[in-house]
Amino acid sequence: MVVEIAIYLLTLFGSLSFVCAVGNSGYLNSGFQRGFAGVSTQLVSSNFLLNYTNSESFIRAAWEGQIGLTGYLFIASLAALSITWASNLYNYRQAII
(Lines give C-alpha, C1' and ligand atoms only; values in the text may rest on other atoms or scores of the structure.)
Protein backbone atom coordinates (compact mmCIF):
# COMPACT_ATOMS: atom_id res chain seq x y z
CA MET A 1 0.00 0.00 0.00
CA VAL A 2 2.76 2.45 0.89
CA VAL A 3 4.66 1.63 -2.29
CA GLU A 4 1.63 2.40 -4.44
CA ILE A 5 1.09 5.71 -2.64
CA ALA A 6 4.74 6.66 -3.18
CA ILE A 7 4.53 5.80 -6.87
CA TYR A 8 1.30 7.77 -7.26
CA LEU A 9 2.82 10.81 -5.52
CA LEU A 10 5.99 10.73 -7.61
CA THR A 11 4.06 10.40 -10.86
CA LEU A 12 1.70 13.17 -9.74
CA PHE A 13 4.66 15.49 -9.17
CA GLY A 14 6.12 14.46 -12.53
CA SER A 15 2.89 15.14 -14.38
CA LEU A 16 2.46 18.51 -12.63
CA SER A 17 6.00 19.45 -13.65
CA PHE A 18 5.33 18.38 -17.23
CA VAL A 19 2.06 20.29 -17.49
CA CYS A 20 3.60 23.41 -15.91
CA ALA A 21 6.52 23.32 -18.36
CA VAL A 22 4.23 22.88 -21.35
CA GLY A 23 1.85 25.54 -20.06
CA ASN A 24 4.68 28.04 -19.56
CA SER A 25 5.78 27.55 -23.16
CA GLY A 26 2.39 28.71 -24.42
CA TYR A 27 0.58 25.45 -25.06
CA LEU A 28 -2.43 24.24 -23.08
CA ASN A 29 -4.08 27.64 -22.75
CA SER A 30 -7.39 26.48 -21.27
CA GLY A 31 -7.92 24.93 -17.88
CA PHE A 32 -9.58 21.87 -19.40
CA GLN A 33 -6.55 21.17 -21.59
CA ARG A 34 -4.19 21.50 -18.62
CA GLY A 35 -6.37 19.27 -16.46
CA PHE A 36 -6.74 16.63 -19.15
CA ALA A 37 -3.01 16.61 -19.88
CA GLY A 38 -2.12 16.34 -16.19
CA VAL A 39 -4.54 13.54 -15.41
CA SER A 40 -3.66 11.52 -18.50
CA THR A 41 0.09 11.91 -17.90
CA GLN A 42 -0.27 10.83 -14.27
CA LEU A 43 -2.46 7.83 -15.07
CA VAL A 44 -0.22 6.54 -17.84
CA SER A 45 3.00 6.93 -15.88
CA SER A 46 1.62 5.47 -12.63
CA ASN A 47 0.10 2.48 -14.42
CA PHE A 48 3.42 1.89 -16.17
CA LEU A 49 5.41 2.05 -12.93
CA LEU A 50 2.97 -0.14 -11.00
CA ASN A 51 3.04 -2.76 -13.75
CA TYR A 52 6.81 -2.55 -14.11
CA THR A 53 7.67 -5.02 -11.39
CA ASN A 54 11.34 -4.14 -11.01
CA SER A 55 10.70 -0.65 -9.66
CA GLU A 56 7.78 -1.71 -7.48
CA SER A 57 9.58 -4.75 -6.04
CA PHE A 58 12.73 -2.73 -5.31
CA ILE A 59 10.80 -0.03 -3.47
CA ARG A 60 8.78 -2.67 -1.61
CA ALA A 61 11.95 -4.57 -0.58
CA ALA A 62 13.56 -1.33 0.60
CA TRP A 63 10.43 -0.42 2.60
CA GLU A 64 10.20 -3.85 4.23
CA GLY A 65 13.89 -3.85 5.23
CA GLN A 66 15.02 -6.68 2.98
CA ILE A 67 17.85 -4.59 1.55
CA GLY A 68 19.11 -3.39 4.92
CA LEU A 69 20.49 0.04 5.68
CA THR A 70 20.87 0.89 2.00
CA GLY A 71 17.15 0.35 1.48
CA TYR A 72 16.27 2.63 4.37
CA LEU A 73 18.61 5.30 2.97
CA PHE A 74 16.91 4.90 -0.41
CA ILE A 75 13.47 5.38 1.15
CA ALA A 76 14.71 8.43 3.09
CA SER A 77 16.17 9.97 -0.08
CA LEU A 78 12.93 9.22 -1.94
CA ALA A 79 10.99 11.01 0.81
CA ALA A 80 13.39 13.98 0.74
CA LEU A 81 13.08 14.18 -3.04
CA SER A 82 9.28 14.11 -2.81
CA ILE A 83 9.18 16.83 -0.15
CA THR A 84 11.57 19.05 -2.11
CA TRP A 85 9.66 18.49 -5.33
CA ALA A 86 6.33 19.32 -3.68
CA SER A 87 7.82 22.43 -2.09
CA ASN A 88 9.19 23.66 -5.42
CA LEU A 89 5.88 23.04 -7.16
CA TYR A 90 4.01 24.87 -4.41
CA ASN A 91 6.38 27.84 -3.97
CA TYR A 92 7.62 28.44 -7.51
CA ARG A 93 4.84 26.78 -9.56
CA GLN A 94 7.45 24.76 -11.47
CA ALA A 95 10.03 22.09 -10.99
CA ILE A 96 13.46 23.56 -10.47
CA ILE A 97 16.06 21.65 -12.42
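Of the contacts in the protein between residues at least 6 apart in sequence, 56% join residues at least 24 apart. The model is a predicted one. Its protein has 4 helices and 0 strands, and the order of elements from the N terminus is α-α-α-α.

The protein contains 97 residues, and 24% of them count as buried. Its accessible surface is about 6600 Å², with 68% of that area belonging to carbon and sulfur atoms.

In soluble globular proteins, nonpolar side chains tend to be buried together. Here the largest nonpolar core consists of 5 residues: Val3, Ile7, Ile59, Ala62 and Ile75. Two helices, α1 (2–24) and α3 (53–64), each supply at least two residues of this core.

The model also has pockets to describe. The volume of the largest pocket is about 200 Å³. Its lining is made up of Val2, Val3, Ile5, Ala6, Leu9, Leu10, Ile59, Trp63, Ile75, Leu78, Ala79 and Ser82. At least two of the lining residues come from each of α1, α3 and α4 (69–92). The largest share, 6 residues, is supplied by α1. The table sorts the lining of the largest pocket by residue class.

| Class of lining residue | Number in the largest pocket |
|---|---|
| Nonpolar | 11 residues |
| Polar | 1 residue |

Definitions and conventions:
Residues are numbered from 1 along each chain as its sequence is written. This is a predicted model: local features need pLDDT of at least 70, side-chain atom pairs count only at pLDDT 80 or more; totals for chains, interfaces and linings use all residues. Side-chain values use heavy atoms; hydrogens and water are left out. A nonpolar core is a set of buried Ala, Val, Leu, Ile, Met, Phe, Trp, Tyr and Cys residues joined through side-chain atoms within 4.5 Å. Buried means under 20% relative accessible area, exposed over 50%, partly exposed in between (1.4 Å probe, protein chains only). On a 1 Å grid over the protein atoms alone, a cavity is a set of points where a 1.4 Å probe fits but cannot get out, and a pocket is an open set with protein on both sides within 12 Å along at least five of seven lines; lining residues have an atom within 4 Å of a point. Grid points are joined across faces, edges and corners, and a volume is the space filled by probe spheres set on the points. Ala, Val, Leu, Ile, Met, Phe, Trp, Tyr, Cys and Pro count as nonpolar, Asp, Glu, Lys and Arg as charged, and the others, Gly among them, as polar. Contact means heavy atoms within 4.5 Å. Accessible areas come from the Shrake-Rupley method with a 1.4 Å probe; for residues, only the protein chains shown count as cover.
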